[in-house]
Amino acid sequence: MPPSDKLISTIIPVHNGERFLAQAIDSVLAQSLPVSELIVVDDGSTDGTAAVAAGYGNSIKYVLQEQGGAAKARNTGIDLANGQYLSFLDADDLWLPDKLEKQLQAFDLHPDLQAVYGHMKQFAEKTPVQGLAAEKVEESCEILPGYSPCTLLIGRSVFLKVGYFATTWSVGEFIDWFARARDCGVKMLMLPDVVALRRLHDQNQGVQKADMRSDYALIVKKIIDRRRGAGGLV
C-alpha cells in the first residue's frame, strides 16, 4: 500500500512504564503505514520512563506533566497533536503492524465513517511476544471487541466534537467518552480483525485501582441521567 496522505497522530500516556514502554513505541514505529507523529506524555513518572523515551530521540515527541491520570495525559497529547486523525496506545499494550493500514482502508471504503475500532487479544505478561505477530501470542488468550482508546482511530475534528476525556474519574473514563460519542451520533465501525494486544500484568490500572471501581457505577448513572434529561432512550 502506498504511503497515505492522511496525517495520523498517536498518543501514548505513561506513568512509571519503563518495563513496557519501548515495546509500545516500537509497535507504533513498525506500522506498515507510518504515523506522522508519536507523542509520549509522561504523567509524572518516577522510574526510568524518561530515559526510555530519550532513547528514541527525534522519532517521538516527549512531554512530562505533573501526575493527573491517563485521561489528562491523553488530553495533553491531543492538544499537542497536529494530525488529521487521532490514535492512542497505552504504554503496556501493543499494536499489530497493519493496525492503521486496515483502519484507513475502512475509512476509504466507507466515506461516512467517523471512527474505527478493531478487536483486541489479551495476553499474559509471561507470554512471548516476538515480532509483534498475532501468531506469537497464545491462541488460548481471549479475543474481545476493542472498545478502547488503544484500538480507536478517529478524525480529530470528530473527536473534538465529542469532547476531551473526562478527568473526573480514576478509572472508566473511556466508557464516559464512548457514551458521549454515541449520543453525538458518531458513525463507528468495529473491524473483525485483531489490531492490538492487551497485556495482563500486576500493574494494570484495573488491578492497581481496584478500590476505585465504584467509578464505573457512577459513570453509568451519569450517562443514564444525561440521556433521560435529553429525553432520549436509556
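Author: Gladly, and let us start with a definition: buried means under 20% relative accessible area, exposed over 50%, and partly exposed in between. One caution before we use it: this is a predicted model.

Reader: Will do. What is the overall picture for the protein chain?

Author: The protein chain has eight helices and nine strands. Buried residues make up 50% of its 234 residues. Among contacts between residues at least 6 apart in sequence, 75% join residues at least 24 apart.

Reader: Now the rings. How many aromatic pairs does a search of the whole structure find?

Author: The search finds 13 aromatic pairs. One of them joins Tyr117 and Phe178, with 6.1 Å centre to centre and 70° between the planes.

Reader: What makes Tyr117 and Phe178 an aromatic pair, and why is it called edge-to-face?

Author: Rings pair if their centres lie within 6.5 Å, and planes over 60 degrees apart count as edge-to-face.

Reader: How do you know that the pair of Tyr147 and Phe178 is edge-to-face?

Author: By the same test: the ring centres of Tyr147 and Phe178 are 5.2 Å apart and their planes stand at 65°, so this pair is edge-to-face. Tyr147 lies in the loop between β7 (143–145) and β8 (153–155) and Phe178 in helix α6, so the pair ties together parts that are 31 residues apart in sequence.

Reader: What do the accessibilities of Tyr147 and Phe178 make of these two residues?

Author: Tyr147 has a relative accessible area of 47%, which lies between the 20% and 50% limits, so Tyr147 is partly exposed. Phe178, at 17% relative accessibility, counts as buried, because the limit is under 20%.

Reader: Which residues form one aromatic cluster?

Author: The cluster is formed by Phe88, Tyr117, Tyr147, Phe159, Phe165, Phe174, Trp177 and Phe178.

Reader: And what makes Arg74 a charge over the ring of Phe165?

Author: Arg74 lies over the face of Phe165, at 5.6 Å from the ring centre, and the distance limit is within 6 Å.

Reader: Back to helix α6: what makes it mostly covered?

Author: Eight of the eleven residues of α6 are buried. They are Glu173, Phe174, Asp176, Trp177, Phe178, Ala179, Arg180 and Ala181. α6 is followed by Gly185, whose phi is positive, near 80°.

Reader: How many residues of strand β1 (residues 8–14) are buried, and which way do they point?

Author: Seven of the seven residues of β1 are buried. Ile8, Thr10, Ile12 and Val14 point one way, and Ser9, Ile11 and Pro13 the other way. In a regular strand the side chains alternate between the two faces of the sheet.

Reader: How do you know that β1 pairs with other strands?

Author: Two strands pair if there are at least two bridges between them. β1 and strand β4 (residues 85–88) have four bridges, in the parallel sense, and Ser9 stands opposite Leu86 in β4. β1 and strand β2 (residues 37–43) have six bridges, also parallel, and the partner of Thr10 in β2 is Leu38. From β1 the chain crosses through helix α1 (residues 21–29) to β2, and this β-α-β crossover is right-handed.

Reader: Why does Asn16 count as partly exposed?

Author: Asn16 has 25% relative accessibility, between 20% and 50%, so Asn16 is partly exposed. Asn16 sits in the loop between β1 and α1 and has a positive phi of about 50°, although it is not a glycine.

Key. Residues numbered from 1 in each chain as written. Heavy atoms only, no water. Phe/Tyr/Trp six-rings, centres within 6.5 Å; stacked < 30°, edge-to-face > 60°. Helix = DSSP H or I, 4+ residues; strand = E, 2+ residues; numbered from the N terminus. Buried < 20%, exposed > 50% of the residue type's maximum accessible area, 1.4 Å probe, protein only. Lys NZ or Arg CZ within 6 Å of the ring centre and 35° of its normal. Right-handed = clockwise from strand over helix to strand, strands pointing away. Contact = heavy atoms within 4.5 Å.
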